[in-house]
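Biologist: Could you walk me through this structure, one step at a time?

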Amino acid sequence: MSINHIRPWRHIERRKSRQIHVGNVPVGGDAPIAVQTMTNTPTTDVAATVAQVQAAAEAGADIVRVSVPDEASSKALKEIVRESPVPIVADIHFHYRRGIEAAEAGAACLRINPGNIGDEKRVAEVIRAAKDHNCSIRIGVNAGSLEKHLLDKYGEPCPEAMVESGLDHIRILQDHDFHEFKISVKASDVFMSAAAYQQLAEATDAPIHLGITEAGGFVSGTIKSAIGLGQLLWMGIGDTLRVSLSADPVEEVKVGFEILKSLGLRHRGVNIISCPSCARQGFDVIKTVETLEKRLEHVKTPMSLSIIGCVVNGPGEALMTDVGFTGGGAGSGMVYLAGKASHKMSNDQMVDHIVEEVEKKAAQLDAEAAAAE
């Protein structure tokens with residue numbers, strides 16, 4: 001799939017992959033890149049886990065992964081799946097029986113780790129369960145848990161070892177006539193991850209799930225993920241992604257969408273263009289943007305908003321946004337609508353007014369989209 005623009009330097013040629021489904025979410029082919037996160041509540045606490053899944057879905061998650069470490073979690077998974085608004089991926093490690101139980105519980109996809117799921121006979125039993133219950137499978141290779149024979153062969157975790165691990169398990173799935181799978185090759189090292197994903201993209205047409213694993217806290221993990229995932233997405237690689245942060249799963253979803261939005265690959269909600277502020281600012285830009293981000297979280301319609309502190313760049317940025325506000329003098333600034341100067345507004349009323357204008361524009365865009373269907 002190509003993302004075509006009148007500006008050729010924005011052109012991204014998506015890697016051609018075959019399409020599978022995770023529940024009702026298409027993955028690969030010409031489907032939008034899906035955003036995924038993972039719960040961090042005890043899976044046996046059904047109420048807490050369902051609440052976290054629902055919060056992630058409200059933030060825009062297309063798919064949510066849930067860890068299934070024991071039999072009690074398998075039993076809880078059935079209720080979680082029933083109450084979830086999005087497809088659930090069961091995260092399986094060490095014990096193949098959990099994969100079978102998760103398929104029986106209604107998971108849309110099973111994530112299995114080649115480094116710890118067991119021998120081919122056990123993988124075959126998981127495949128049989130996936131077939132019987134219409135599950136897809138993600139082969140989740142991780143640099144931190146590679147098979148011993150690959151570590152012996154290569155001496156240390158490396159892109160070549162990760163790709164070999166993934167291709168070995170692709171062969172197992174295909175030998176059992178199973179083709180509803182996607183694959184990931186994650187590492188915490190940005191260089192290793194990027195190199196592994198580039199090699200993998202050339203070696204298979206399977207949909208690819210992107211991630212920099214154990215990326216870190218909110219700030220450092222966001223930066224590592226933006227660098228690693230951003231360059232791969234720019235190259236056209238990636239069909240689903242998860243930003244792995246030591247933070248609330250909702251924050252993972254937000255960061256994932258922002259990465260995709262910055263490349264024009266997904267559009268959801270208000271894209272705020274704002275200046276870092278300086279001594280020329282006509283109002284408190286930082287506080288205003290923080291407030292608007294919270295006040296506009298409910299708007300799902302793709303649109304743009306510019307918040308610029310002064311007239312150096314404000315009018316120019318406003319030309320390219322749906323709604324804009326540029327700081328002026330004497331405690332007021334200029335409101336721009338559809339790129340044109342519209343009217344002045346006092347700074348103390350500006351936030352409420354901008355929210356109203358954004359909501360009005362969103363309703364207009366929604367109505368136009370509905371009429372075009």
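What follows is a short chat about sheets, cores, a pocket and a few single residues.

Modeller: Heads-up first: this is a predicted model, where local features need pLDDT of at least 70, side-chain atom pairs count only at pLDDT 80 or more, and totals for chains, interfaces and linings use all residues. Residues are numbered from 1 along each chain as its sequence is written, and side-chain values use heavy atoms, with hydrogens and water left out.

Biologist: In what order do the 8 strands of the open sheet with parallel pairing sit?

Modeller: Strands here are DSSP runs of E, at least two residues, and helices are runs of H or I, at least four residues, numbered from the N terminus. Two strands pair if DSSP finds at least two bridges between them. Going across the open sheet, the order is 10-9-8-7-6-5-12-11.

Biologist: What angle does helix 4 make with strand 8?

Modeller: Angles run from 0 to 180 degrees between N-to-C directions, using axes fitted to C-alpha atoms, for helices over the stretch in contact. Contact means heavy atoms within 4.5 Å. Helix 4 (residues 120-132) packs on the sheet, touching strand 8 (109-112) and strand 9 (136-142), and its angle with strand 8 is about 165°.

Biologist: Is strand 7 largely enclosed or open, and why?

Modeller: Buried means under 20% relative accessible area, exposed means over 50%, and partly exposed is in between (1.4 Å probe, protein chains only). On one side of strand 7, I88, A90 and I92 are buried, and on the other V89 and D91 are too. With 5 of the 5 residues of strand 7 (residues 88-92) buried, the strand is therefore largely enclosed.

Biologist: Which residue stands opposite I88 of strand 7?

Modeller: Strand 6 (residues 63-67) and strand 7 run parallel and are joined by 4 bridges. Opposite I88 stands V64.

Biologist: Does S74 count as buried or exposed?

Modeller: S74 sits in helix 2 (residues 71-83). Leaving out residues up to four places away in sequence, S74 touches V68, R98, E101 and A105. Its relative accessibility is 5%, so S74 counts as buried.

Biologist: What about N134, buried or exposed?

Modeller: N134 lies in the loop between helix 4 and strand 9. Its phi is near 60°, a positive value in a residue other than glycine. With 70% relative accessibility, N134 counts as exposed.

Biologist: In what order do the 5 strands of the open sheet with mixed pairing sit?

Modeller: Its edge strands are strand 13 (270-274) and strand 17 (340-346), each pairing on one side only. Strand 14 (residues 303-308) and strand 15 (residues 323-327) run parallel, joined by 4 bridges. Across this sheet, the order is 13-14-15-16-17.

Biologist: At about what angle does helix 12 run to strand 17?

Modeller: Helix 12 (residues 347-372) lies across strand 13, strand 14, strand 15, strand 16 (332-337) and strand 17. Its angle to strand 17 is about 140°.

Biologist: How many residues are in the largest nonpolar core?

Modeller: A nonpolar core is a set of buried Ala, Val, Leu, Ile, Met, Phe, Trp, Tyr and Cys residues joined through side-chain atoms within 4.5 Å. In the largest one, L77, L110, I137, M162, L210 and L233 touch the most other members. The count for that core is 79 residues.

Biologist: Which helix gives the largest share of the lining of the largest pocket?

Modeller: A pocket is an open set of points on a 1 Å grid over the protein atoms alone, where a 1.4 Å probe fits, with protein on both sides within 12 Å along at least five of seven lines; lining residues have an atom within 4 Å of a point. Of the 28 lining residues, the closest to the centre are K254, E258, K261, E293 and E297. Helix 1 (46-59), helix 8 (218-234), helix 9 (249-262), strand 13 and helix 10 each supply at least two. The largest share, 8 residues, comes from helix 9.
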